[in-house]
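Hi there,

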Amino acid sequence: MNVGGSSPGGKSSKLTSKFDNKRSSAQENYPKVPPVPEGNAWKTIEHTKPRTSEKPTLRPLNGNRHSPPSAAANSRRHVYETPAKPNSLYKQSLLPPDQRDPALVEVEANKGKSFLKAQYKPGWIIRGLLHEQDYNATSTGSNITVTDRFRSDTKFGPVYTKYRKMIVLAMFEDHYLAIPLFTHNGNGLAYKSRPDEFIGIKDHRARAEEGILQQSRHEPLVTEAINSGIHLFDVKSTAHVTYALSRKYDLPVILEGQLTKSSINRLIRLFNQFAPTELKDRQGKVIH
């Protein structure tokens with residue numbers, strides 16, 4: 001009898017062989033760790049549990065568990081790392097004078113507001129934005145003042161934008177007609193080939209000794225009331241009667257004042273004189 005041992009063909013030998021077979025089978029269920037390629041910054045963490053359908057967890061060699069920052073996070077980094085810079089969201093009057101954008105200062109000063117259709121009246125003098133396409137630089141007949149300050153480049157070509165004084169002429173269902181005022185760079189009608197298409201305007205606040213500057217055969221229009229804070233109208237200002245503009249009611253404007261009743265009636269009659277009533281030939285005969 002062997003105590004504490006077993007013969008090669010004994011029971012103990014059979015048990016050992018049985019356990020060895022189970023251990024070999026269990027090892028096959030564990031994932032095999034592939035070798036780390038040379039120069040690879042990542043390595044596979046050894047598993048301590050049987051293989052599953054999940055992919056192995058990857059971890060940087062430097063031990064940092066966080067992934068690189070996203071594009072959104074990178075885009076917000078400048079908010080925390082760099083000081084805020086003035087832009088169009090800032091109120092220009094709150095910025096130091098040397099940091100103010102002249103164009104934005106003008107926008108802020110001319111912001112205006114929208115008026116209801118029922119509030120509009122013929123003879124109102126308003127100020128609003130007027131956008132015009134570039135006339136291949138300026139031609140003799142152009143009303144555009146060419147300066148970089150008023151120019152905006154678009155994919156359709158340059159556009160000039162200025163705040164214009166306008167006189168409300170007539171109202172319709174969803175828009176109104178307005179006659180714009182121009183000074184033509186302070187030259188008035190000196191270089192206009194058809195000055196009779198224009199009519200001057202007289203600011204009633206001007207001193208009597210300044211008189212009335214009549215630049216065409218039409219007697220100038222006269223203002224009746226001007227709101228406070230509005231500068232005196234330039235004596236070279238003229239309304240371009242044949243250059244009527246169509247504008248929506250919801251566009252913001254500044255109400256500067258209004259014309260006298262007799263002035264707006266004269267402007268309407270003058271506009272109707274230029275408006276065609278019938279189709280005519282070059283000899284003035286009606287074409288039927």
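This is a predicted model: local features need pLDDT of at least 70, side-chain atom pairs count only at pLDDT 80 or more; totals for chains, interfaces and linings use all residues.

**The loop between β6 and β7**

His184 is not a glycine, yet has a positive phi of about 55°. Asn185 belongs to the loop between β6 and β7 as well, and Asn185, again not a glycine, has a positive phi of about 60°. Are these residues buried or exposed? His184 has a relative accessible area of 13%, so this residue is buried. Asn185, at 57%, is exposed.

**The overall picture**

Stepping back, the protein is built from four helices and 11 strands. Of its 288 residues, 26% are buried. If you take the contacts with a separation of 6 or more, 61% of them are between residues 24 or more positions apart.

The largest nonpolar core contains 18 residues. Which of them have the most contacts inside it? They are Ile125, Ile167, Ile199, Ile201, Leu221, Phe233 and Leu267. At least two residues of this core come from each of β5 (157-171), β6 (175-182), β7 (198-202), β8 (221-226) and α4 (261-274). Another core, of 12 residues, lies apart from this one, and includes Ile126, Leu130, Tyr176 and Val253.

**Helix α4**

I went through α4 in some detail. With 14 residues at 1.5 Å a residue, α4 should span 20 Å, and its end C-alpha atoms are 21 Å apart, so the two values agree. Which residues of α4 are buried? Ser263, Ile264, Leu267 and Leu270 are. These four cover an arc of only 120° around the axis, and therefore lie on the same side of α4. That buried side packs against β5, β6, β7, β8 and β11 (254-259). On the face turned away from the buried side you will find the exposed residues Lys261 and Gln273. Leu267 ties this back to the core, as one of the residues with the most contacts inside it.

**Thr161 in β5**

Strand β5 also holds Thr161. Its relative accessibility is 18%, and because buried means under 20%, Thr161 counts as buried. What does its side chain pair with? The side chains of Thr161 and His131 are joined by a polar contact of 2.8 Å. With neighbours within four places in sequence set aside, Thr161 is in contact with Leu129, Leu130 and Phe150 as well as His131. Leu130 is the residue already listed in the core of 12 residues.

**Strand β10 and its partner**

Last, there is β10 (residues 245-248), where the side chains alternate. β10 runs antiparallel to β6, and four bridges join the two strands. Tyr176 has Arg247 of β10 as its bridge partner. Tyr176 is also among the residues of the core of 12.

Best wishes

How values were computed
Residues are numbered from 1 along each chain as its sequence is written. Side-chain values use heavy atoms; hydrogens and water are left out. A nonpolar core is a set of buried Ala, Val, Leu, Ile, Met, Phe, Trp, Tyr and Cys residues joined through side-chain atoms within 4.5 Å. Buried means under 20% relative accessible area, exposed over 50%, partly exposed in between (1.4 Å probe, protein chains only). The expected span of a helix is 1.5 Å times one less than its number of residues. The arc is that of the directions from the helix axis to the C-beta atoms. Contact means heavy atoms within 4.5 Å. A polar contact is a pair of N or O atoms within 3.5 Å; within protein, one must be able to donate a hydrogen and the other to accept it, and residues adjacent in sequence count only if both atoms are side-chain atoms. Two strands pair if DSSP finds at least two bridges between them.
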